[in-house]
Structure formats: C-alpha cells, structure tokens
Amino acid sequence: MSTTKATKITEARPFGWPPKASWFLLFLFLGLVDSVRAQAPSARAAALQDLTGSWVSVVAEHWHLRMLVPPKGEFAMLPLNAEARRLANMWDPARDQAGGEQCRSYGAAAIMRVPGRLHIHWADDNTLQMDIDSGTQTRLFRFRGAPPENQPLQWQGYSAAAWETTGRGEGGRAAGHLKVTTTRMRPGYLRKNGVPYSERATLVEYFDRFREPNGDEWLVVDSFVTDPQYLTQPYITSSAFKKIPDRAGWDPTPCRADQAR
Amino acid sequence: MTTQARARFVMVLLVLAWSASALAQRDIAGRWRPLPRNEDGDGMTGDAAGLPLSQEGRWRADAWSPDEFDVAEWVCRPHPWDFSLEGILSAMEFRPEIDRATQKLVAYHGQINQMEQRVSIWMDGRPHPPAHAPHTWSGFSTGEWDGDSLVVTTTHLKESYIRRAGQMRSDQSIIRTRYRRIGDLLQTTVIIYDPVYLAEPYVRTTMMWEHDPAMPMWPYPCEEATETAVPRGNVPHFLPGTSPLPGLNPALADAFATPYPARLGGPMYPEYIARMKTMSRPGVAAPRGSTERESSQPLREVPGR
C-alpha cells in the first residue's frame, strides 16, 4: 500500500486505522486479560456474598397465590398473551399428574415462589448448588463453562452464574450480588394453576443477602422471566428467605400437580 | 493517525475494558415509575393472611371499622411513606441535597404520589432524635450504604396502616428500608419491626420501580368531603367478635377458599400448608366486592432489558 493511499484511508476515518503497533498492543492486552482470567480465583474464593446455608421462604406477600393453589383463571400480575391464557384455562392437574408432568410448577422459572426450604452449598469451587425441599429439586449455578450443545431441556435448565460488582462497600471492598441466567428449561408453569412458560423462556435472577441489626439474615431473590412465546413483557417477582441455623423442618416432597408445594 | 491519537485509542480500549465491571449503580436520585404489583388484594377485606399480627395487633384489627375513613378528622388521612411504597400510587422522586462547601451528600429528599408524602433520608450521620421527640407520618429517617444498597432506618412514626383494613403498625415501630438498584430498576425491601402489633418482623420485597426521568409527578389534591355521615363525636369501631368484615366471617369463602384461621394472620412459613390440609374450608361464596382486587394496577408495557 502506497503512502498516499494509506493517508487517504486514514483521512476517511475520524480516528484513522491504528498502526500495527497498536494492534499488537491490543492483542497483547487481550491476551493478558485472558491470562488473568485463567489465573483468577475460583468463584468460591471471589464470592461477593456468602449465600451458603439453610433458608426458609417467608411468605408475607401474595400469600394466597403462593400458599394455596390458585383457581383456574387466576392471572393477577401475569403479563400473558392470549395463547397463554387459552392454555392456562385448559389446566387439568389430574392430567398432569397422570401424564408424568407433575413437576411443571417446580421448574426454575417458578421454584423460588414455591414455599419451601433451600440448602445452598458449593458443589465444587465453581458450582453453587441449591437443594430445594419442595418438589425435591436441585439447581446448579455454574460460574465457568457453557451449556453443552446437546444439553437436554430440564426443569431447572442450565444456570450460568456470575458475581456482579455494582459498587464499593465498607473498606472499599467490592460489593455486588449474584446474577444467574437460566436457559434450556423444560416448559413448565409460572403459577401452580397452569400458567405456561415455554422452552424459549429465559430467567435472570439477582440474589442479595444481608444481615439486620437483630441478627436476622435475609436472602432476597429478584426474578425476571422473559418468554417470547407466552409473555408480553418480563414477569418480575421478588421472594424473601430467612436464614435458619440448620436443616430443621427440611421436608422433601414429591412434585404434586394439585398441591401448593 | 498521530502518536497522541493512537495512544488515546489504546487508552480508551483499556479504560473501557477495565471499568465496565466497576461502575457503581447505587445512586437512587431521580424519578421512579412503579412496576405493576398486586397489593395483597387477593384476600377478602379483613383477611390478614401472611401478616404476623400479635394478639394486640389482632385486637386492633378486630376493632377497626371502615367508617373510620369518613370521620372528618381522617378523611384526608396522610398515608405514611412505608405504606405508600406498596400502594398503587407509588410514583416517587428522590432529590439529593449536596453540601456546597464539601460536596458531600447530606440527604435524599423523597416525594411519593400517594397523599404527596415526603421523606428526608439523612445521610450525614446525624443521630435520631430522643424518644420524646414528636412522631410524624413518615418519621425520622437516616441512611447508610450497605454494599450497593441504601439502608434506611426510620423511627418516630405515628400509628398507621400496614394494610388498609385495620391491620396496623404502632407508633413504636422501627422500619428498615433497603433500596437497591438493578440496572435501571429499583428494588425495595421493607422490614417492619413493631413490638406492639407484630409478633415478628414483617417483610415486603415485591416493590419495584423503573427509572424514568420524564415521568410527571402528579399532584394528589385530597379534598375533604362527606361521603358517609359519621355523627360528630362518634368513633367507629367494633367490639371484639362483632366485626362484619367478610375476611373475618368464618363461613365466607374467597376464590381460594382460604381457611378462616389463616385469615387471622401469622402463617408465613411453608409448613403451614400441611396444617391447612386439616382445616375445614368455608363454603359460602363471598359476595362481590368482598376483596380489594380492584386496587391492582393494570399491566404496563415495560421496555426490554
């Protein structure tokens, strides 16, 4: 390339093309970033919050919707399209139970709203495991890797987790929360009464733990479900859990299509 | 490209790469549009399911009469900040007060649409007033940061609603409110500690707002008017066991057939579901108008995230 031509190209762009040295520096920088990431501490070591332990749902809001089985056609707060309403109005718990579909309301998009107890622990340094007694479900929050190509659809889907830094806390330490994005969910129910979500749904959750002056420890889970098939806008919920000292009251139940938990 | 421009180019890349994860998102200043939620309107009027009332709180709720709304002194009764947060008119704005000399944050001053309640959240470390100081509708609030959350402690409150059908918190309540930004959304957790009317702390987490700088803050002109004539000097109330509220009628059934004992308040934990299986369910359908469902907000289109 002649000098004249190169000058013309440079003049045609406000910033010009960076010379080879800049590209070299850029790739060097990206390589360094990769290297730093490879040597980064495990998710357990880098945890911004300690979510481990046993937690129990505190159902102080929307009590009827959660502690009882809502009647068919109870759609309060749900941004459903017409097809979702049509399907929900055909809900038949006996048919679900008989057809082996009784876990539909225990899938990832709904399970935090099902009253129950959670036990959270590290399965390994980069996988946080949540055991749930209602429906005897297990969620795995994976901080490394990606879903395999042939990952089958499952009730709890595939959950990619990350610590999200949002600011600086006491002593200048990083503060933030756990963000979990779940995909590849087997189609299920957002609400016990047959309100559907599809396999195209995505669940994004933010987990925030805090301690009150009286010693109570709380876990608040904000959930955003988007579903191009059945929802007209994101369905947003927040659920509260209180820490309990041990697994007292742990009551694993089978999935039940006609019970609140 | 000059050497200087090249250096700038690379620096921009470096800064962008490193700063993306370190952006603080905790400022709560601005206007906030409430996202739809259900104001616990599923139960019949008087239903206290999910609310951990103490015996005193239960008595207070049993004595409450809807005619109270029409007592001249209460027609435009202010609704406190903590109640308005979960109400249907919870459009709100926070304005920071900055000290000019030090440029430090002194306070957030908030206004919420319902009854145009205001709150000042003092951020300058000042102490709460002594116990004998006056109590007000929105109390005295101080704030501090806990990580990315603004945690507000409110004392010196007047007695007021938890739910607007007789379930009250006392003037001895302490309220802890956590404001937390999730991108352009603001999530709020409210925990009410009331040694008089509550048997244990009451938590609300489902309130959420979207940042909307262009949202108008509408006035809330409350005009005193007589809708139901309450004789002067009369204090509307019911004696124990005589309340006619549908939620306190054991025979009436809402759409969920909620057992009567649950409606008296308290059962917040999962194990209560098993206990309810042993309870008889009411069988008489409640008449239309027995629930507060009408207070639910219509769903509104939320921009994609």
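Trainee: In this predicted model, in which sense do strand β5 and strand β6 of chain A pair, and over how many bridges?

Mentor: Strand β5 (residues 158–168) of chain A runs antiparallel to strand β6 (residues 174–183) of chain A, and the pairing extends over 10 bridges. Within it, Ser159(A) has Thr182(A) of β6(A) as its bridge partner.

Trainee: Which strand does β6(A) join through 5 bridges?

Mentor: That strand is β9 (residues 202–211) of chain A, again in the antiparallel sense. Here Leu178(A) stands opposite Phe207(A) of β9(A). As a general idea for reading such pairs, side chains in a regular strand alternate between the two faces of the sheet.

Trainee: Where is Met77(A) found, and why is Met77(A) classed as partly exposed?

Mentor: Met77(A) belongs to the loop between α3 (63–67) and α4 (82–88) of chain A. Burial requires 20 or more other C-beta atoms within 10 Å; Met77(A) is partly exposed because 19 lie within that distance. Its C-alpha atom is separated by 31 Å from that of Thr52(A), 25 residues away along the chain.

Trainee: What pLDDT does chain A average?

Mentor: The average for chain A is 90, and 85% of the residues score at least 70. Over residues 6–12 of chain A, however, the pLDDT is below 50, and this stretch makes 5 contacts in the model beyond near neighbours in sequence.

Trainee: How is chain B divided into domains?

Mentor: Chain B comprises domain 1 (30–35 + 54–211) and domain 2 (246–286). The C-alpha centres of these two domains of chain B are 30 Å apart.

Methods:
Residues are numbered from 1 along each chain as its sequence is written. Chains are lettered from A and ligands numbered from 1 in the order in which they are written. This is a predicted model: local features need pLDDT of at least 70, side-chain atom pairs count only at pLDDT 80 or more; totals for chains, interfaces and linings use all residues. Two strands pair if DSSP finds at least two bridges between them. Helices (H or I, at least four residues) and strands (E, at least two) are DSSP runs, numbered from the N terminus. A residue is buried if 20 or more other C-beta atoms lie within 10 Å of its own, exposed if 12 or fewer, and partly exposed in between; C-beta atoms are placed from the backbone. pLDDT is the predictor's confidence in each residue, from 0 to 100. Two residues are in contact if their C-beta atoms, placed from the backbone, lie within 7 Å. Domain bounds come from an automatic or database domain assignment.
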